[in-house]
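Dear colleague,

Please find below the structure that I am handing over to you.

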Amino acid sequence: MLALYLEELTKTYKLGFKRTPIKAVDSLYLSVPEGSTFGLLGPNGAGKTTTIKAILNLIKIDRGRIRIFGEDHYNYQVRGKIGFLPEQPYFNLSLNALQTLNFYGQLFRMNQSEIRKRSFHLLEEVGLEETSHLPLSKYSKGMLQRLGLALALLNNPSLLILDEPTSGLDPVGQVEIRNLLLKLKKEGKTILLSSHLLTEVEKLCDQIAIIHKGKLVLSGLTEELLREREKVKIHFKSPNKKLPASIKKLAAKTSQDGAVFTVETPSSKTNDLVRELIKQRCQIISIKPGGSLEEIFIETVAGYGN
Ligand SMILES: Nc1ncnc2c1ncn2[C@@H]1O[C@H](COP(=O)(O)OP(=O)(O)OP(=O)(O)O)[C@@H](O)[C@H]1O
Ligand SMILES: [Mg+2]
């Protein structure tokens with residue numbers, strides 16, 4: 001079953017006095033299977049947050065359809081299955097974490113004992129149990145982000161939508177949140193997240209979609225996309241400081257930085273290339289795997305211009 005299905009989603013903002021139209025999301029189709037961890041990627045202004053706001057029915061869409069667990073997204077009950085962490089969560093800084101969770105728990109019409117039990121559990125999960133009585137004005141950005149995640153989980157949602165969940169977190173905090181999300185995935189939750197941290201997405205998301213100027217430009221299983229583009233990068237020095245023609249012929253891409261040459265090749269050609277480098281008496285400096293999600297992202301987005 002699909003946790004989320006977007007069909008021809010289109011949203012135009014009208015800007016300024018002249019009401020100049022800006023197409024933030026343009027005929028976007030997306031399918032997020034139940035149980036998957038789905039990365040919504042794209043450069044700044046690509047339309048990720050607008051797409052998320054549309055799913056949550058926070059903005060009026062021009063055209064298209066949004067289905068959540070097979071139901072129309074206007075359906076009030078189906079929205080109760082979603083947990084949401086906004087890009088810039090807003091908090092009342094005079095409250096502490098427990099009071100904040102209590103406030104939102106009441107909005108979800110949970111009873112007091114349920115709120116207390118769930119709050120303690122969630123604060124422990126996100127590593128805030130020892131600071132739960134501190135006013136939020138004393139919290140760091142990372143701590144607020146973790147509280148935001150606890151709030152998103154308060155109603156035990158089946159679909160978790162996170163707009164840049166690790167922004168503002170230090171590397172340790174990022175790993176902690178990633179591990180927590182992996183645990184939630186194991187529990188069967190579907191996670192849709194937008195992020196600019198591509199190594200993070202690579203480790204966490206089993207599917208990705210890249211959008212650019214509101215349009216879908218690439219989507220698929222992360223593993224497959226990486227495998228299709230699997231390659232190696234070889235750095236070497238040449239005895240006469242020139243790139244041998246036979247190497248150039250074998251490589252998909254070549255570059256030079258001073259005396260050091262870099263060649264890229266699909267993994268299948270690594271042996272041929274190494275053999276030729278040795279034959280040409282080149283000094284191999286390093287052989288590194290290429291084809292990261294970061295490279296896929298940059299190549300894809302660059303291919304569509306600015
Ligand atoms: N309320 C608004 N009024 C007018 N234009 C808007 C509004 N919100 C977003 N936009 C425009 O819509 C486009 C998409 O913005 P959006 O915030 O969805 O991008 P994003 O992919 O989330 O970017 P980022 O990575 O910077 O968070 C941008 O051109 C943005 O300027
Ligand atoms: Mg955004």
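The element that contributes most to the shell around ligand 1 is helix α1, which supplies three residues. Helices here are DSSP runs of H or I with at least four residues, strands are runs of E with at least two, and both are numbered from the N terminus. Please note that this is a predicted model, in which local features need pLDDT of at least 70 and side-chain atom pairs count only at pLDDT 80 or more, while totals for chains, interfaces and linings use all residues. Residues are numbered from 1 along each chain as its sequence is written, and chains are lettered from A and ligands numbered from 1 in the order in which they are written.

The ligand shell

In total, 13 residues surround ligand 1, and the closest are Y13, A24, K48, T49 and T50. A residue is near the ligand if its C-beta atom, placed from the backbone, lies within 6 Å of it. Two or more residues each come from β1 (2-15), β2 (20-33) and α1 (48-55). The shell holds five nonpolar, six polar and two charged residues. In this classification, Ala, Val, Leu, Ile, Met, Phe, Trp, Tyr, Cys and Pro are nonpolar, Asp, Glu, Lys and Arg are charged, and the others, Gly among them, are polar.

Helix α1 is largely enclosed by the rest of the structure, because eight of its eight residues are buried. A residue is buried if 20 or more other C-beta atoms lie within 10 Å of its own, exposed if 12 or fewer do, and partly exposed in between, with C-beta atoms placed from the backbone. Just after α1, N57 adopts a positive phi of about 60°.

The protein as a whole

The protein has eleven helices and 14 strands. Of its 306 residues, 33% count as buried.

The nonpolar cores

A nonpolar core is a set of buried Ala, Val, Leu, Ile, Met, Phe, Trp, Tyr and Cys residues joined through C-beta atoms within 7 Å. The largest has 58 residues, of which L4, A150, A152, L159, I161 and L192 touch the most other members. Helix α5 (residues 141-153) provides the largest share of this core, eight residues. Apart from it lies another core of ten residues, including F236 and C282.

Leaving aside neighbours within four places in sequence, L192 is in contact with L4, V32, F38, L40, L159 and I161. Two residues are in contact if their C-beta atoms, placed from the backbone, lie within 7 Å.

The sheets

Two strands pair if DSSP finds at least two bridges between them. One open sheet has four strands in the order β12-β13-β11-β14, with antiparallel pairing. Its edge strands, β12 (253-257) and β14 (283-289), each pair on one side only. Seven bridges join β11 (residues 231-237) and β13 (residues 260-266) in the antiparallel sense, and K233 has E264 in β13 as its bridge partner.

Another open sheet has six strands in the order β6-β7-β8-β3-β9-β10, and its pairing is mixed. β6 (82-85) and β10 (215-221) stand at the edges with a single partner strand each, so one side of each is left without a neighbour in the sheet. Strand β9 (residues 207-212) runs antiparallel to β10, joined by six bridges, and I210 stands opposite L218 in β10.

Yours sincerely
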